[in-house]
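Please keep the structure in view while working through the numbered points.

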Amino acid sequence: MGRNIVIAGAGDMGYHLAEQLSYDNKDIILIDTDREVLDYVSSKLDVLTVQGDASSFEVLQRANVDNASMLLAVTTSEKTNIVTAVLAKQLGAKRVMARVRNHSYLGEENIKYFENIGIDNLISPTMLCSREIFNMIENSSFTEVFDFGGGKLNIVGITLDKSNSLVDQRIMDTKSDPIFEDIRIIAILRDQKTIIPRGSTIIRNNDHVFFISNKKNTESILELLGQKKVAIKNVMIIGGDDMALNTALKLEDRFRVTLVNKDKERCKWLAEHLKNTLVITGDYKNIELLMEEGLEQMDAFLALTESSETNIITSLSAKNHGVYKTIAHVDTREYIHISHSIGVDSLINKKLVAANEISRYLKKGTVEAVSGIYGVDAEFIQYSVCKNNRLTKYPLKELHFPDTAIVAGVIRGEEVIIPDGDFMLNINDKAIVLALPQARTALEKLFH
């Protein structure tokens with residue numbers, strides 16, 4: 001079977017995927033019409049490039065698509081992606097995925113038509129982002145929320161400040177608090193480095209800490225941090241493209257949503273497509289206008305315009321005006337690293353969300369879900385244990401797990417377990433592992 005993966009489209013999303021996959025030592029062939037873009041990517045990553053239109057036979061053949069284990073069509077043109085995926089499948093690619101914009105394609109009743117013509121998966125970055133924003137608003141006290149096993153197990157991230165009782169404690173000293181029976185600290189982000197904590201690790205002011213717990217104990221984390229859960233009722237969204245529309249659609253039945261966009265015609269169109277959202281025409285860069293429209297009464301502010309700068313700046317202004325939860329859509333990689341430190345609560349990045357979704361399909365072995373963390377090179381991977389081998393014969397501490405990985409939680413049927421070193425895995429367990437890139441190969445061997 002071919003090991004190579006063909007990616008059509010070398011824009012941000014294609015680049016991000018190529019970078020992710022190059023950690024896994026896969027042979028990657030990147031197709032794009034723009035020679036300059038390809039030169040830039042090949043100067044940074046170890047990939048082969050083919051210049052040309054991915055939806056042409058000749059270009060796909062030059063990219064050896066007949067020998068590909070997978071083709072990912074992620075250009076900015078939906079039509080190119082669909083045609084490319086269909087042709088690649090006919091030419092022999094084992095599995096094909098296409099990035100689409102049109103959300104009706106993703107309806108349960110329509111997906112089968114795409115399967116019939118050979119497309120294995122459709123992926124819509126905006127749909128995935130709206131889903132993630134909804135999660136963040138539901139769990140607004142945290143900057144990130146990942147759920148596994150259909151919500152049985154949660155991983156949440158939050159930044160700690162000096163006033164917090166955990167700051168300056170060693171992890172092993174926190175164990176005396178009974179709360180820590182059901183929750184655990186599994187990762188710390190400090191100065192853009194990911195630390196997988198050991199007993200002797202000291203928690204510092206401004207650490208961004210990730211906790212794991214079962215669903216019902218997520219509340220205990222807030223209690224531990226001395227924070228109250230805030231119920232979100234009023235949400236303001238700025239922007240007017242697909243992502244703003246989708247997010248409003250997802251939120252409008254649960255929350256009072258106001259959407260501000262500067263284009264009059266687009267506002268008319270949005271008002272027709274949204275049932276319970278108040279659509280306002282106005283310049284969202286103008287904070288006075290946002291205040292007239294009730295910014296100070298808002299519990300959440302979502303900056304989803306095309307400009308990362310506008311999104312960051314308006315989110316910071318909203319924060320200054322007392323809005324509890326701000327989420328900014330940030331497209332540029334550089335900003336992802338700084339945003340936690342400048343005070344934007346949560347970030348969303350379309351390409352990263354989509355790349356996480358895709359890398360789930362690409363992991364070898366028995367992977368069921370992957371979640372990357374913004375600005376962090378670690379990811380959470382959910383493996384299922386599907387045969388009796390070393391994994392089920394020895395306790396975790398004797399399995400020689402790489403130092404750069406940790407078994408954060410285990411789902412066993414309906415039960416959720418936060419394991420210690422003496423814990424033994426059973427067949428059919430789902431193990432959620434936090435891993436840095438260098439641990440991937442060792443983990444694939446362990447769980448394969």
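1. Helices (H or I, at least four residues) and strands (E, at least two) are DSSP runs, numbered from the N terminus. In these terms, Ile31 belongs to strand 2, which covers residues 28-32. This is a predicted model, in which local features need pLDDT of at least 70, side-chain atom pairs count only at pLDDT 80 or more, and totals for chains, interfaces and linings use all residues. Residues are numbered from 1 along each chain as its sequence is written, and side-chain values use heavy atoms, with hydrogens and water left out.

2. Is Ile31 buried or exposed? Ile31 counts as buried because its relative accessibility is 1%; buried means under 20% relative accessible area, exposed over 50%, and partly exposed in between (1.4 Å probe, protein chains only). Contact means heavy atoms within 4.5 Å. With neighbours within four places in sequence left aside, the contacts of Ile31 include Val6, Ile7, Leu38, Val50 and Leu60. Between the C-alpha atoms of Ile31 and Ile418 there are 44 Å, and these residues are 387 residues apart along the chain.

3. Asp207 sits in the loop between strand 10 (193-195) and strand 11 (208-214). Asp207 is buried because its relative accessibility is 1%. A polar atom of the Asp207 side chain lies 2.7 Å from the backbone nitrogen of Arg204. When residues up to four places away in sequence are not counted, Asp207 touches Ile158, Thr159, Leu160, Ile188, Leu189, Arg190 and Ile202.

4. Asn206 is also placed in the loop between strand 10 and strand 11. Asn206 counts as exposed, because its relative accessibility is 55%. Although Asn206 is not a glycine, it has a positive phi of about 75°. Most residues other than glycine have a negative phi.

5. Asp168 likewise has a positive phi of about 75° and is not a glycine. The loop that holds Asp168 runs between strand 8 (153-159) and helix 7 (171-174). Asp168 is exposed because its relative accessibility is 56%.

6. Ser104 lies in the loop between strand 5 (96-99) and helix 5 (108-116). Which residue is joined to Ser104 by a polar contact between side chains? The partner is Asn102, at 2.7 Å. A polar contact is a pair of N or O atoms within 3.5 Å; within protein, one must be able to donate a hydrogen and the other to accept it, and residues adjacent in sequence count only if both atoms are side-chain atoms. Ser104 counts as partly exposed because its relative accessibility is 42%.

7. A search of the whole structure finds zero disulfides, a disulfide being a pair of cysteine sulfur atoms within 2.5 Å. Cys129 is buried because its relative accessibility is 0%. Cys267 is buried because its relative accessible area is 5%.

8. How many cavities of 30 Å³ or more does a search of the whole structure find? The search finds one. A cavity is a set of points on a 1 Å grid over the protein atoms alone where a 1.4 Å probe fits but cannot get out, and lining residues have an atom within 4 Å of a point. The largest cavity holds about 40 Å³ of space, a volume being the space filled by probe spheres set on the points. Its lining consists of Val385, Cys386, Lys387, Asn389, Leu391, Phe447 and His448.

Terms used
On a 1 Å grid over the protein atoms alone, a cavity is a set of points where a 1.4 Å probe fits but cannot get out, and a pocket is an open set with protein on both sides within 12 Å along at least five of seven lines; lining residues have an atom within 4 Å of a point.
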